[in-house]
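Reader: Please take a close look at one part of this model. I want the cut-offs spelled out along the way.

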Amino acid sequence: MEKVKPKKHLGQHFLTDLGIAEKIAKAVTGHLGVRKVLEIGPGMGVLTDFLLKEHWDLYLVDIDTESIQYLHQKYPMLGDKIIEADYLKKDFAPIMGGPYAVAGNFPYNISSQIFFKILEERNSVTEVVCMLQKEVAQRIASPKGNKDYGILSVLLQAYYDIEYLFTVPPGVFNPPPKVNSGVIRLKRNQVVNLDCDEKLFFRVVKQGFGMRRKTLRNSLKPLGLSDALKGDTILDKRAEQLDVQEFVILTKKLQESWNR
């Protein structure tokens, strides 16, 4: 089997260190009793080998035709569980047929988009163990009051418990990226629905961080603040100073002010 060449336009950096691949595979816990795992961007199967050793019911998705052909040769037993598709555009609900975990070495150029899709599918995706650009990994796991804390931090922390596991240097990839990577684990929490209008919650978070240096009183102006709400001390803060629960409270206050 000829090796697959990493493609720059797909943001591919193939992991070559088997020890790190094993560590990532072992970080998948089967949270909530789930056995199905979808690996995003398996490349040449370095992580796949270790996920199979852990006896998960494994599915692979890759957009790269060359990788897909290679994976079919390497893992004939997986058959139609090897899926050639763009993860961002494919509906996995009918394929996975119930809850599943996600694992992978995410392409740097689409890692945030992958997480926005996982958010949409949060009632199916019980766990995520992935490697991505270190600064994005830190942002997702960051607590409030930190400069790394942002939109993805709040939205993902609303539905997942998140741990930053370890840092990975550039030298263990082909080709080496220009930055460090980080491995994180997300486990679905007990929140089925937030105690507020969730669509509005998403809007408030995005709008608040859109002008993160300003107070919420200024950054949320486009949403239409009532005079009563403008005097609320919560608006003296900046978005990065609010945790998930405080954003929920703010969303409810905004909603109530519109209904008066």
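Author: Start with a definition: contact means heavy atoms within 4.5 Å. On that basis Ser257 touches Ser226 and Leu229, leaving aside residues up to four places away in sequence. Two notes on the source. The model is predicted, so local features need pLDDT of at least 70 and side-chain atom pairs count only at pLDDT 80 or more, while totals for chains, interfaces and linings use all residues. Residues are numbered from 1 along each chain as its sequence is written, and side-chain values use heavy atoms, with hydrogens and water left out.

Ser257 belongs to helix H11, residues 244-259. Helices are DSSP runs of H or I with at least four residues, strands are runs of E with at least two, and both are numbered from the N terminus. The relative accessible area of Ser257 is 10%, so Ser257 is buried. Buried means under 20%, exposed means over 50%, and partly exposed lies in between, with a 1.4 Å probe and protein chains only. The side chain of Ser257 also reaches the backbone oxygen of Leu254, at 2.7 Å.

Helix H11 also holds Phe247, while Phe209 lies in helix H8, residues 198-210. Now the rings. A search of the whole structure finds five aromatic pairs. In one of them, the ring centres of Phe209 and Phe247 are 6.0 Å apart and the planes meet at 35 degrees, so the pair is tilted. The rule covers rings of Phe, Tyr and Trp (its six-membered ring): centres lie within 6.5 Å, planes under 30 degrees apart are stacked, over 60 edge-to-face, and the rest tilted. The Phe209 and Phe247 pair ties together parts that are 38 residues apart in sequence. Both Phe209 and Phe247 are buried.

Charges sit over rings elsewhere. The charged end of Lys117 is over the ring of Tyr87, 4.3 Å from its centre. The charged end of Arg122 is over the ring of Tyr159, 4.2 Å from its centre. The test asks for NZ of Lys or CZ of Arg within 6 Å of the ring centre and within 35 degrees of the ring normal.

Last, the setting. The protein has eleven helices and nine strands. Buried residues make up 51% of its 260 residues. Among contacts between residues at least 6 apart in sequence, 66% join residues at least 24 apart. The C-alpha trace spans about 70 × 40 × 30 Å along its principal axes.

Note on methods. Polar contact = N/O pair within 3.5 Å; in protein donor to acceptor, adjacent residues only side chain to side chain.
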